[in-house]
Amino acid sequence: MRTVKATAAAVSVALAAGVAGVVAGRYASDAALKASPGRPLPTEPRLTVHSTAAGQIALTRDLASLRPGIYGLAGDGSHAVVGPVVESAAPSADAVVRRLERVTHGTLRPGDKVWLTPNVHIGNPSTALGLDHADIDIPGELGSLPAWFVPGARSTWVIAVHGLAATRELSMNVMEFLHRHRFPVLALAYRGDLGAPRNPDGLGHLGETEWRDLDAAIRYAVRYGAEHVVLYGWSTGATMALRAAAHSAMREHVSGLVLDSPVLDWETTLRALATARHTPGALLPLAVRAAQGRTGLHGDRIAEAADPARLSVPTLIFHGPDDTVAPWRLSRRFAAQRPDLITLQPVARAPHSAMWNPDPAGYEEILRRFLTPLM
């Protein structure tokens, strides 16, 4: 009898541990599969506002608050734009003073919790940039996809697609540049975004299914006059661009790719986000298996999308060694295998999807040189 009871107890403990592992794996995988548009990734630290003054703001001293360049500063109910660190400010052991360019929404008070975001602009191209635009709906396989269209004189369109935890507002960082060079721009909201249909399982698929919404945008562009399209993707949006360029029935119209912080290995990215959620290393394989079971994601399909042998158009990659979400080494290896088509531009001290922010003018000059032959 004692043996039976001991065996039953052991089985119960094993089952409980198994259930706990499954729950932990699902929670860890949520960091990537349920990344909320417009909310920070777990890799982005929360900062505290210490003080504000005319044209300046003091934030918690952190590697993030010391980043060079221009960033959005988002909080719960607020958004501002901060410029470079003010080198002339009195040194402090616990605070960094940055230039406060403007407060675009809400207020900033001492004690507020905020985070840096690549999104410098909020709103739409008309309200944020003063650009004429049209709100359009693109027919997608799950329903209508909202998009902004900014007209331009050229027959080559740029289709912009954001990535993890971002919105189409991210594309406004480069929209003025693209408009100045007369490119029509189509900025897409895809499945899971506000106003767009959701995947049937309610989860993000890291570009594996979302790319078909980009395919719908290519079809729309060609239907309305585009002779060629350049696909411009950030993060998992870059994954979508690679898949569309390889698999779209309209791929002959794709003349180039611009990839910012591309996710080239979803398992690595999922592990990075789960780790940032303080998931123990022993549970990371469970997070990967949970993602596979919940979404049908498999490494071979993502790897096939990022196969350099499938690349057939000029490609510009902006990426940097400080990206903790999508490792720089994967972009470096990808570029090394196709030097005939890929230009890799390293960007130092920039987080995921923020390669424009440290040096907007330098970024845009590299972009200009790449796009000029494609005009």
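Q: Which residue in the hairpin of strand 1 and strand 2 takes a positive phi?
A: Gly 55 takes a positive phi near 75° in this hairpin, which has 2 residues between the strands. Strands (E, at least two residues) and helices (H or I, at least four) are DSSP runs, numbered from the N terminus.

Q: What kind of model is this, and which pLDDT do local features need?
A: This is a predicted model, where local features need pLDDT of at least 70, side-chain atom pairs count only at pLDDT 80 or more, and totals for chains, interfaces and linings use all residues. Residues are numbered from 1 along each chain as its sequence is written, and side-chain values use heavy atoms, with hydrogens and water left out.

Q: How do you know that strand 1 and strand 2 pair?
A: Strand 1 (residues 47-53) and strand 2 (residues 56-60) share 4 bridges in the antiparallel sense. Two strands pair if DSSP finds at least two bridges between them, so strand 1 and strand 2 meet the rule with their 4 bridges. Among the bridge partners in strand 2 are Leu 59, for Val 49, and Gln 56, for Ala 53.

Q: How many bridges join strand 1 to strand 6?
A: There are 2 bridges between strand 1 and strand 6 (residues 113-117), and the two run antiparallel. Since the rule asks for at least two bridges, strand 1 and strand 6 count as a pair. In strand 6, Val 114 stands opposite Leu 47.

Q: In what order do the strands of the closed barrel run?
A: The barrel has 6 strands in the order 1-2-5-4-3-6, with antiparallel pairing. From one strand to the next the twist averages 45°.

Q: What makes strand 7 and strand 14 edge strands?
A: They belong to an open sheet of 8 strands, ordered 7-8-10-9-11-12-13-14, with mixed pairing. Strand 7 (134-140) and strand 14 (342-346) each pair on one side only, and these are the edge strands. Neighbouring strands of this sheet are turned by 20° against each other on average, direction ignored.

Q: Which strand does strand 8 pair with over 4 bridges?
A: Strand 8 (residues 143-150) is joined by 4 bridges to strand 10 (residues 185-188), and they run antiparallel. Ala 147 has Leu 188 opposite in strand 10.

Q: Which strands does helix 4 lie across?
A: Helix 4 lies across strands 7, 8, 9 (156-161), 10, 11 (228-234) and 12 (254-260), at about 115° to strand 7. Contact means heavy atoms within 4.5 Å. Helix 9 (residues 328-337) lies across strand 13 (315-319) and strand 14, at about 150° to strand 14.

Q: Why is helix 4 called oblique to helix 5?
A: Helix 4 (residues 211-223) and helix 5 (residues 236-247) pack at about 60°, with axes 9 Å apart. That makes helix 4 oblique to helix 5. Angles under 35 degrees count as roughly parallel, over 145 as roughly antiparallel, 65 to 115 as roughly perpendicular and the rest as oblique. Axes are lines fitted to C-alpha atoms, for helices over the stretch in contact, and angles run from 0 to 180 degrees between N-to-C directions.

Q: Which residues of helix 4 meet helix 5?
A: Trp 211, Leu 214 and Ile 218 of helix 4 meet Met 240, Ala 241, Arg 243, Ala 244 and His 247 of helix 5. This contact divides into 6 nonpolar, 1 polar and 1 charged residues. Ala, Val, Leu, Ile, Met, Phe, Trp, Tyr, Cys and Pro count as nonpolar, Asp, Glu, Lys and Arg as charged, and the others, Gly among them, as polar.

Q: Why is helix 6 called oblique to helix 7?
A: Helix 6 (residues 266-276) and helix 7 (residues 284-295) pack at about 125°, with axes 10 Å apart. Helix 6 is therefore oblique to helix 7. Their contact includes Trp 266 and Leu 270 of helix 6 and Leu 284 and Val 288 of helix 7. By class it holds 8 nonpolar, 2 polar and 2 charged residues.

Q: What makes helix 3 and helix 10 oblique to each other?
A: The axes of helix 3 (residues 172-180) and helix 10 (residues 360-371) come within 11 Å and cross at roughly 45°. They are therefore oblique to each other.

Q: How do you know that the radius of gyration agrees with that of a compact globule?
A: For 375 residues a compact globule would have a radius near 21 Å, and the protein has 22 Å, which agrees. The radius is taken over C-alpha atoms, and the globule rule is 2.2 Å times the number of residues to the power 0.38.
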